[in-house]
Amino acid sequence: MGTLTEEIFSYKLGRPVEEGETVVVDVDRVMSHDTTTPLAIQAFRKLNQQNGGRVFNPQRSHIVFDHIVPAATIAAATLHRDIRTFAQEQGISILQEGICHQVMPERGYVAPGDIIVGADSHTCTYGALGAFATGMGSTDIGVAYATGRTWFRVPQTINIRINGTLPFGVYAKDVTLEMVRRVGVDGANYRAIEYTGELVEQMSVSERFTLCNMAIEMGGKVGLVVPDATTRSWLRDRTDREYPMLAPRNPRYEHVIEIDASHLQPLIACPPDVNNVVPVEEVGQVKIDQVFLGTCTNGRLDDLAIAASILQGKTIHPQTRMVVVPASREVYLEAMRLGYLETFVQAGASVGTPGCGPCIGRHYGVLAPGERALTTMNRNFTGRMGDPTAEIYLGSPATVAATALTGFITDPRDFL
Amino acid sequence: MAHIWMLGDNVNTDVIIPGRYNVTTDRAQLARYCLCEVLPEFAQQVQAGDVLMAGHNFGCGSSREHAPAAIQACGVQVVIARSFARIFYRNAVNIGLPVLVCEEAVLASADGQEIEVDLATGIIRNNTTGQTFQAEPLNPFVARIVAAGGIIEYIHQEGTLR
């Protein structure tokens with residue numbers, strides 16, 4: 001009996017578990033990436049001298065290179081080299097084929113009922129498939145690599161019910177920004193979020209990833225969607241293992257937030273906080289130096305499809321640069337096959353290697369002092385994409401594509 | 001004497017240690033850029049034992065442990081906030097950087113004031129104003145990790161994670 005979170009922990013521990021309990025559990029998968037792995041290795045080595053220094057299970061330990069690929073500096077290349085040495089020693093295959101949060105689900109490493117910990121805050125994305133997945137720091141992940149276990153305080157749950165249908169020009173990203181606006185940047189701190197409602201039930205897995213990805217932007221430990229036929233069909237060709245279709249049973253939610261998507265408009269999060277959300281039509285004339293389409297929030301095929309449909313046969317504004325980075329190799333290949341990448345390149349965009357791209361300000365589209373970017377990212381924090389005086393706005397792939405054409409923040413409804 | 005460095009709400013890990021400076025595990029390197037986006041003079045002027053105070057949701061954003069590691073490497077004795085973002089809080093506890101939640105102390109203190117903190121009892125004394133505050137008690141499991149000096153030390157002590 002309980003929330004989906006309580007159901008997952010009860011299933012794993014074989015006894016009824018309630019929110020507020022502190023539990024130690026076995027994890028199904030452990031993940032870290034090229035920035036967080038080095039500190040995790042340090043913690044792992046410090047902890048694990050006594051039992052031969054092996055990870056708990058190399059097949060369930062995943063290192064993804066995505067934050068600085070290919071290496072942009074000697075420092076990054078050196079970290080990569082050292083991580084490769086560790087991975088080889090441990091029998092772990094390094095994945096360098098896109099953003100960790102896209103690659104983990106694509107490879108079938110995430111299924112309903114799993115408990116997954118990752119050394120990246122957006123690990124909460126996997127909740128879209130009904131897994132309890134959360135971001136942690138490197139030491140927690142080093143401990144999980146060594147022991148296959150971690151501890152949790154089982155969180156209370158906020159239920160966000162999203163009903164209605166998406167109006168013309170409004171997408172899952174706009175719904176997500178509306179949620180952050182309503183809940184605030186710490187309104188879900190220490191809590192799980194369960195997304196329910198008719199719109200969530202109708203959403204594709206990709207759209208659900210967008211919702212769950214930004215649970216952390218409200219402080220959430222995890223964002224969850226109850227697994228259903230859509231989940232099953234997405235997983236069909238990705239994993240053949242059995243998984244439990246857990247669902248909440250008479251859940252006690254801390255509170256419920258209702259969103260009627262039918263009344264939404266295209267939205268923009270203005271710098272420097274993610275809850276600083278306004279309708280696109282109210283932002284006024286904001287000149288944009290660079291747009292960026294990609295990331296674990298919005299770098300999937302449907303995102304690229306919307307943007308390509310807007311840019312088809314057109315050229316981006318001469319004073320604006322556009323960077324496109326597909327979230328994974330799978331997305332990249334499919335976007336290439338469908339002609340989207342050609343559309344972007346013809347329009348004047350740079351198309352980059354699958355990975356995080358410019359989202360963390362280290363390479364491939366860094367911003368100069370005073371510049372402004374509109375991106376499909378999940379964070380608009382000061383200094384995130386380069387110089388601290390640069391400003392970052394967040395919007396949907398459609399808004400980003402429309403803006404690329406005009407050079408200032410633009411309502412996509414005029415271009416669809 | 002320890003001094004207070006006062007910060008506002010929602011100080012995120014990107015401003016504690018920007019992504020362009022955390023491509024390293026060298027603590028001294030991290031310390032050099034700690035809080036550079038919001039308090040450019042901090043890394044230069046902070047004294048060992050000083051106290052960081054902040055409003056709500058301190059350490060929100062990225063899971064990068066470089067953030068508490070940078071603060072620790074600067075010699076900060078303890079971070080006291082009205083509330084912490086979950087991942088930062090856990091990371092700080094894991095690496096042995098003391099963190100206390102005390103709404104009243106933050107509201108009644110100001111930048112540059114002198115402060116004394118008893119980490120064992122959670123008693124915070126603002127020596128400039130003479131006021132004393134009691135921080136919120138820790139979750140019992142967290143208290144055991146803190147008492148051991150970090151999660152690795154805790155596991156070594158217990159023999160396993162339990």
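Predicted model: local features only at pLDDT ≥ 70, side-chain atom pairs only at ≥ 80, totals over all residues.
1. Overall form of chain A. The chain holds 14 helices and 18 strands. Its C-alpha trace spans about 60 × 50 × 40 Å along the principal axes. The radius of gyration of chain A is 21 Å, which agrees with the value near 22 Å that a compact globule of 416 residues would have.

2. Burial and contacts in chain A. Of the 416 residues of chain A, 61% count as buried. Among the contacts in chain A with a separation of 6 or more, 78% are between residues 24 or more positions apart.

3. Domains of chain A. The chain is divided into domain 1, residues 4-259, and domain 2, residues 270-414. Taken over C-alpha atoms, the centres of domain 1 of chain A and domain 2 of chain A are separated by 25 Å. The contact between these domains takes 32 residues from domain 1 of chain A and 29 residues from domain 2 of chain A.

4. The domain 1 side of that contact. On the side of domain 1 of chain A that touches domain 2 of chain A, the elements giving two or more residues are helix H4 (100-106), helix H6 (172-183) and helix H8 (205-213) of chain A. H6(A) supplies the largest share of this side, 6 residues. By class, the residues on this side of domain 1 of chain A divide into 12 nonpolar, 12 polar and 8 charged.

5. Strand S15 of chain A. This strand covers residues 321-325 and is mostly covered, with 4 of its 5 residues buried. S15(A) pairs in the parallel sense with strand S14 (residues 290-294) of chain A, over 5 bridges. In this pairing, Met322(A) of S15(A) has Val291(A) opposite. S15(A) is also joined by 2 bridges to strand S16 (residues 350-351) of chain A, and these strands run parallel. Here Val323(A) stands opposite Ser350(A) in S16(A).

6. The largest nonpolar core. In soluble globular proteins, nonpolar side chains tend to be buried together. In this model the largest nonpolar core has 194 residues, and those touching the most other members are Ala307(A), Ala373(A), Met53(B), Ala70(B), Ile71(B), Val79(B) and Ile80(B). Helix H11 (residues 301-311) of chain A gives the most to this core, 7 residues. Domain 1 (4-259) and domain 2 (270-414) of chain A each contribute at least three residues to this core.

7. One core residue of chain B. Which residues does Ile80(B) touch, not counting residues up to four places away in sequence? They are Val51(B), Met53(B), Leu100(B), Cys102(B), Ala105(B), Val106(B), Ile124(B) and Ala135(B). Ile80(B) is one of the residues that touch the most other members of the largest nonpolar core, as is Met53(B).

8. The contact between the chains. It takes 45 residues from chain A and 35 residues from chain B. On the side of chain B that touches chain A, the elements giving two or more residues are helix H1 (13-16), helix H5 (86-95) and helix H8 (151-158) of chain B. The largest share of this side, 6 residues, comes from H5(B). By class, the side of chain B that touches chain A has 12 nonpolar, 15 polar and 8 charged residues.

Key. Residues numbered from 1 in each chain as written. Chains lettered and ligands numbered in written order. Contact = placed C-beta atoms within 7 Å. Nonpolar A, V, L, I, M, F, W, Y, C, P; charged D, E, K, R; others polar. Buried ≥ 20, exposed ≤ 12 C-beta atoms within 10 Å, placed from the backbone. Pairing = 2+ DSSP bridges. Domains from an automatic or database assignment. Rg over C-alpha atoms; globule rule 2.2 N^0.38 Å. Core = buried A, V, L, I, M, F, W, Y, C linked by C-beta atoms within 7 Å.
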